Amino acid sequence: MNDFVIETKQLTKIYGKQTVVSNVSLHVKKGRIYGLLGRNGAGKTTIMKMILGLTPITSGQVDVFGKNIKGQEKRVFPRIGAMIETPGFYPNLTGTENLEIFAKLRGTAAPHAVENALKVVGLPYKDKKLFGKYSLGMKQRLGIANAILHEPELLILDEPTNGLDPIGIAEVREFIKNLSTMCEKTILISSHILSEISLLADDIGIIDKGILLEESSMRELEKKNRRYVLLQVSDIPKASLILERQFGLKDYSVQDDHTIRLYDTSLDIAAINKALVVQDVAVIGSGLYNDSLEDYFKKITGGEGIA
Ligand SMILES: Nc1ncnc2c1ncn2[C@@H]1O[C@H](COP(=O)(O)OP(=O)(O)O)[C@@H](O)[C@H]1O
Ligand SMILES: [Mg+2]
């Protein structure tokens with residue numbers, strides 16, 4: 001047994017002749033927030049729909065809680081809460097009334113389920129306002145409240161901050177974080193906004209044109225994009241030896257035959273250059289660099305990037 005709450009294996013979706021999701025293997029770990037990042041049309045919603053059995057899988061497999069969901073939907077779905085695209089509520093009922101209906105439909109027995117769920121997302125209980133008069137932000141909140149009504153272990157939220165203003169985004173981010181840390185839920189969330197995912201997610205999957213380009217922890221990704229001193233030298237082994245012995249450096253990485261990155265940016269570059277040259281290592285170039293996450297995404301998605 002591994003500790004993946006969701007694992008997709010070579011998940012593929014073809015509409016007509018168009019492959020919109022291609023061999024995607026995601027790994028969502030227990031208790032973590034996994035951010036699926038990709039432009040509009042990348043395939044995020046389709047992946048979530050396949051995980052939830054809302055659209056047929058063309059090929060591949062989805063395991064949830066360690067088992068293939070095929071034929072297991074009834075057993076698995078009560079443990080999942082989801083909001084995919086804009087949720088459908090009755091416009092002529094209040095938010096509370098809407099949730100009460102969904103709670104009943106789902107057989108959610110907990111007496112304060114609706115009140116608690118509304119509290120988590122910051123909406124008033126028993127408020128008179130009809131859903132039809134809700135702002136987009138309130139609609140999104142009610143959608144999330146609906147997803148957490150039955151206290152599921154796993155939450156799947158498709159672009160939950162879509163259309164919200166910056167304050168609304170920050171608030172939604174805050175309570176999603178709380179759901180993860182205080183309520184120990186596993187959360188799969190999608191977004192086309194890099195900053196949103198980078199502020200929220202523990203792990204990230206980058207999807208472009210239906211292909212999972214990268215999957216890693218946010219920490220690893222940030223490490224890749226730290227500020228660093230770049231040294232281009234004639235002799236890497238010798239240079240490494242000098243850096244370690246003379247300067248006590250350990251936090252560096254060798255990029256290719258001539259390039260080293262040093263992650264301690266408080267270094268005395270001039271002293272290092274001098275030491276290398278004195279010991280017959282030619283220094284071809286050196287400088288301080290800072291790859292931003294945004295540059296990185298541009299690079300891996302082939303130019304346009306994700307704003
Ligand atoms: N029901 C459908 N029929 C045909 N094509 C679809 C359908 N749903 C989505 N698509 C296409 O699949 C691709 C991925 O869509 P989607 O999963 O909604 O992307 P995202 O959620 O990342 O914006 C898009 O090109 C979209 O046009
Ligand atoms: Mg979508």
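Modeller: An oxygen atom of ligand 1 is 2.6 Å from a polar backbone atom of G41. This pair falls under the term polar contact, which stands for two N or O atoms within 3.5 Å; within protein, one must be able to donate a hydrogen and the other to accept it, and residues adjacent in sequence count only if both atoms are side-chain atoms. The model is a predicted one, in which local features need pLDDT of at least 70 and side-chain atom pairs count only at pLDDT 80 or more, while totals for chains, interfaces and linings use all residues. Residues are numbered from 1 along each chain as its sequence is written, chains are lettered from A and ligands numbered from 1 in the order in which they are written, and side-chain values use heavy atoms, with hydrogens and water left out.

Two further residues approach ligand 1 through polar atoms. A backbone N or O atom of G43 lies 2.9 Å from an oxygen atom of the ligand, and a polar side-chain atom of T45 lies 2.7 Å from an oxygen atom of ligand 1. The complete set of residues around ligand 1, each with a heavy atom within 4 Å of it, consists of Y15, Q18, V20, R39, N40, G41, A42, G43, K44, T45 and T46.

These residues belong to a protein chain with eleven helices and 15 strands. Helices (H or I, at least four residues) and strands (E, at least two) are DSSP runs, numbered from the N terminus. The C-alpha trace spans about 80 × 40 × 35 Å along its principal axes. Of the 307 residues, 48% are buried; buried means under 20% relative accessible area, exposed over 50%, and partly exposed in between, with a 1.4 Å probe and protein chains only. An automatic or database domain assignment divides the chain into domain 1 (4–222) and domain 2 (226–290). The C-alpha centres of domain 1 and domain 2 lie 45 Å apart.

With a relative accessible area of 19%, H150 is buried. Its side chain reaches the backbone oxygen of I80 at 2.8 Å, and a polar contact of 2.9 Å joins the side chains of H150 and R106. Leaving aside residues up to four places away in sequence, H150 touches F77, P78, I80, G81, R106 and T108, where a contact means heavy atoms within 4.5 Å.

E184 lies in another loop, between α6 (166–181) and β9 (186–191). E184 counts as exposed, at 63% relative accessibility. From E184 to V278, 94 residues along the chain, the C-alpha atoms are separated by 56 Å.

The buried residues of α10 are I272, A275 and L276. Seen down the helix axis, they fall within an arc of 100 degrees, so they line one face of α10; the arc is that of the directions from the helix axis to the C-beta atoms. Their cover includes β12, α9, β14 and β15 (283–290). At the start of α10, a side-chain oxygen of D268 reaches to within 3.3 Å of the backbone nitrogen of A270. After the helix comes D280, with a positive phi near 65 degrees.

Helix α9 (residues 236–247) has twelve residues. From its first C-alpha to its last, α9 reaches 15 Å, close to the 16 Å expected at 1.5 Å a residue, that is, 1.5 Å times one less than its number of residues. I236, A239, S240, I242 and L243 are its buried residues. They cover an arc of only 160 degrees around the axis, which puts them on the same side of α9. At the start of α9, a side-chain oxygen of D235 comes to within 3.2 Å of the backbone nitrogen of K238.

Strand β12 holds L230, which is buried with a relative accessible area of 15%. Apart from residues up to four places away in sequence, L230 touches T259, I260, R261, G285, S286, G287 and Y289.
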